[in-house]
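Please keep the sequence and the model side by side while reading.

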Amino acid sequence: MNRSRLPLLALALAAFTAAAIAAPACAAEAAALPVVSAFLADAEANLTDAEQQLVDLAGAIPVEQWSWRPAEGVRSYNEVTLHVAGGNYFLARMLGTPTPDGIDSRGIDKSTTDKAKAIETMKTSFVFIKKVIAGLSEADLDAKVDFFGTSVTKRGIVLRVLGHAHEHMGQSIAYARMNGIVPPWSK
């Protein structure tokens, strides 16, 4: 073997040995740190995106079209906005957090026709549900709850929060486009 490579080989062996000795200590320290669930982080980011688009689109709807509905018996744009808020509060209950005092999650969609108040109600509900979701642990996510006669995990309820927000974002986009309004992020 070439003698000029011996110091490099010795250095590499020393580095490898040091890493092997230190690895268990680093792993123990890492295990002691709080772990942020990748699922919860992704859920929060996804929900924040949906929230922003719902808020932006609601803001783009002219006040004179705020009560528009595609047909009799179908929610108006105002009612859809408030329904999203009601869903956030209802699903928070499914995650084990009671609805705040003064909030009627079932009747919230009829609580106001004022555009600014409806948008603020929806924004407040997103703050609330994101705080509830952020407070869940990995063990919480695996806990089972009864959801209309079906046993689902709280992780499944978090997915329903996301699905509900996106479902009504799609509905809101359709309402807007039916009235010649382009979603702000599509311009």
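Which residues of helix 4 are buried? In this predicted model, they are K115, A118, I119, T121, M122, S125, F126, F128, I129, K130, V132 and I133.

## Overall architecture

The protein chain holds six helices and two strands, and, read along the sequence, these elements follow the pattern α-α-α-α-α-β-β-α. Of the 187 residues of the chain, 36% count as buried.

Among the contacts with a separation of 6 or more, 72% are accounted for by residues 24 or more positions apart.

## Helix 4

Helix 4 covers residues 115-134, and its 20 residues should span 28 Å at 1.5 Å a residue, which agrees with the 29 Å that separates its end C-alpha atoms. At the N-terminal end the helix is capped by D114, a side-chain oxygen of which lies 3.3 Å from the backbone nitrogen of A116.

The buried residues of helix 4, including M122, F126 and I129, pack against helix 2 (38-60), helix 3 (77-94) and helix 6 (154-178). As background to reading such a list, an α-helix has 3.6 residues a turn, so residues three or four places apart point the same way.

## Helix 2

The buried residues of helix 2 are L40, A43, L47, A50, E51, L54, V55, L57 and A58. These residues pack against helix 3, helix 4 and helix 6, and also against helix 5 (138-142).

Leaving aside neighbours within four places in sequence, H164 is in contact with H83, V84, G87 and L91.

H164 also belongs to the lining of the largest pocket, where 14 residues take part and H83, G86, G87, F90 and H164 lie nearest the centre. Helix 3 gives the largest share of the lining, five residues, while helix 3 and helix 6 each supply at least two. By class, the lining is made up of five nonpolar, five polar and four charged residues.

## The enclosed cavity

How many cavities of 30 Å³ or more does a search of the whole structure find? The search finds one, and the volume of the largest cavity is about 30 Å³.

The residues that line the largest cavity are I61, Q65, W68, Y77, Y175, N179 and I181. By class, this lining has five nonpolar and two polar residues and no charged ones, whereas the lining of the largest pocket includes four charged residues.

Notes: Residues numbered from 1 in each chain as written. Predicted model: local features only at pLDDT ≥ 70, side-chain atom pairs only at ≥ 80, totals over all residues. Heavy atoms only, no water. Helix = DSSP H or I, 4+ residues; strand = E, 2+ residues; numbered from the N terminus. Expected span 1.5 Å × (residues − 1). Buried < 20%, exposed > 50% of the residue type's maximum accessible area, 1.4 Å probe, protein only. Contact = heavy atoms within 4.5 Å. Polar contact = N/O pair within 3.5 Å; in protein donor to acceptor, adjacent residues only side chain to side chain. 1 Å grid on protein atoms, 1.4 Å probe; cavity = no way out; pocket = protein on both sides within 12 Å on 5 of 7 lines; lining within 4 Å. Nonpolar A, V, L, I, M, F, W, Y, C, P; charged D, E, K, R; others polar. Points joined across faces, edges and corners; volume = space filled by probe spheres on them.
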